[in-house]
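Hello,

Here is the structure for you to open. Please keep it on screen while you read the notes below it.

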Amino acid sequence: MAETYSAGVLLFRRTSEGGTEVLLGHLGGPFWARKDLGAWSIPKGEYVPGEEDSEVAARREFTEELGLPVPEGVWMPLGEVGYGSGSKRKTVVVWAVEADLDPAQVVPGTFEMEWPPRSGRRAEFPEIDRVEWFELETAREKLSKGQQPYIERLAGQLG
């Protein structure tokens with residue numbers, strides 16, 4: 001079984017009404033273009049344990065995906081979550097950072113893939129095609145099931 005490891009940063013901010021919002025990215029590329037629920041993600045990416053520290057990887061991947069450094073703030077560990085099945089198993093470790101970020105400033109990284117399928121042509125797509133702030137309940141619905149526990153953990157830590 002091939003296991004992959006990812007690390008990410010979940011930005012959060014408090015609203016004037018006393019609520020909390022988190023920053024999520026909508027997955028880019030043609031597969032996700034018309035999807036919404038389950039098509040959003042915490043900015044994260046892969047790393048190799050033992051070769052790179054997970055917090056360093058989380059910072060790097062945030063910058064690669066959003067084109068901006070992680071804003072200054074205290075890093076709160078939200079722990080690991082494992083998900084997937086069969087030969088595709090993933091372990092993700094996430095930190096929450098209280099900070100603001102303007103989604104209009106995001107310059108997403110890109111990836112290349114064959115598109116349309118079996119055409120022999122390569123096309124470039126943004127890793128994340130848009131970024132938005134969501135209240136916690138909405139964020140839970142937008143995230144894939146594997147990442148939803150991070151919303152619960154953040155809410156628990158914030159009380």
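Helix 1 covers residues 54–66, which makes 13 residues. At 1.5 Å a residue it should span 18 Å, and since its end C-alpha atoms are 18 Å apart, the length agrees with expectation. Bear in mind that this is a predicted model.

Which residues of helix 1 are buried? They are S54, A57, A58, E61, F62, E65 and L66. These residues cover an arc of only 135° around the axis, so they sit on the same side of helix 1.

What do the buried residues of helix 1 pack against? Their partners are strands: strand 1 (2–14), strand 2 (20–27), strand 4 (44–47), strand 5 (75–85), strand 6 (88–98) and strand 9 (128–135).

The ends of helix 1 have their own details. Just after the helix comes G67, which takes a positive phi of about 75°.

One residue in a strand is also worth a look. H26 belongs to strand 2. Is H26 buried or exposed? Its relative accessibility is 0%, and buried means under 20%, so H26 counts as buried. Its side chain makes a polar contact of 2.8 Å with the side chain of D129. Leaving aside residues up to four places away in sequence, H26 touches W32, K35, A39, W40, E127, I128, D129 and R130. D129 is therefore both a residue that H26 touches and its polar partner.

Now the whole protein. It has three helices and nine strands, and along the sequence they follow the pattern β-β-β-β-α-β-β-β-β-β-α-α. The C-alpha trace spans about 50 × 35 × 25 Å along its principal axes. For 159 residues, a compact globule would have a radius of gyration near 15 Å; the protein has 16 Å, which agrees.

Of the 159 residues, 41% are buried. Among contacts with a separation of 6 or more, 65% are between residues 24 or more positions apart. The accessible surface comes to about 8600 Å², and carbon and sulfur atoms account for 50% of it.

Regards

Key
Residues numbered from 1 in each chain as written. Predicted model: local features only at pLDDT ≥ 70, side-chain atom pairs only at ≥ 80, totals over all residues. Heavy atoms only, no water. Helix = DSSP H or I, 4+ residues; strand = E, 2+ residues; numbered from the N terminus. Expected span 1.5 Å × (residues − 1). Buried < 20%, exposed > 50% of the residue type's maximum accessible area, 1.4 Å probe, protein only. Arc of directions from axis to C-beta. Contact = heavy atoms within 4.5 Å. Rg over C-alpha atoms; globule rule 2.2 N^0.38 Å. Areas by Shrake-Rupley, 256 points an atom, 1.4 Å probe, with all protein chains shown as cover. Polar contact = N/O pair within 3.5 Å; in protein donor to acceptor, adjacent residues only side chain to side chain.
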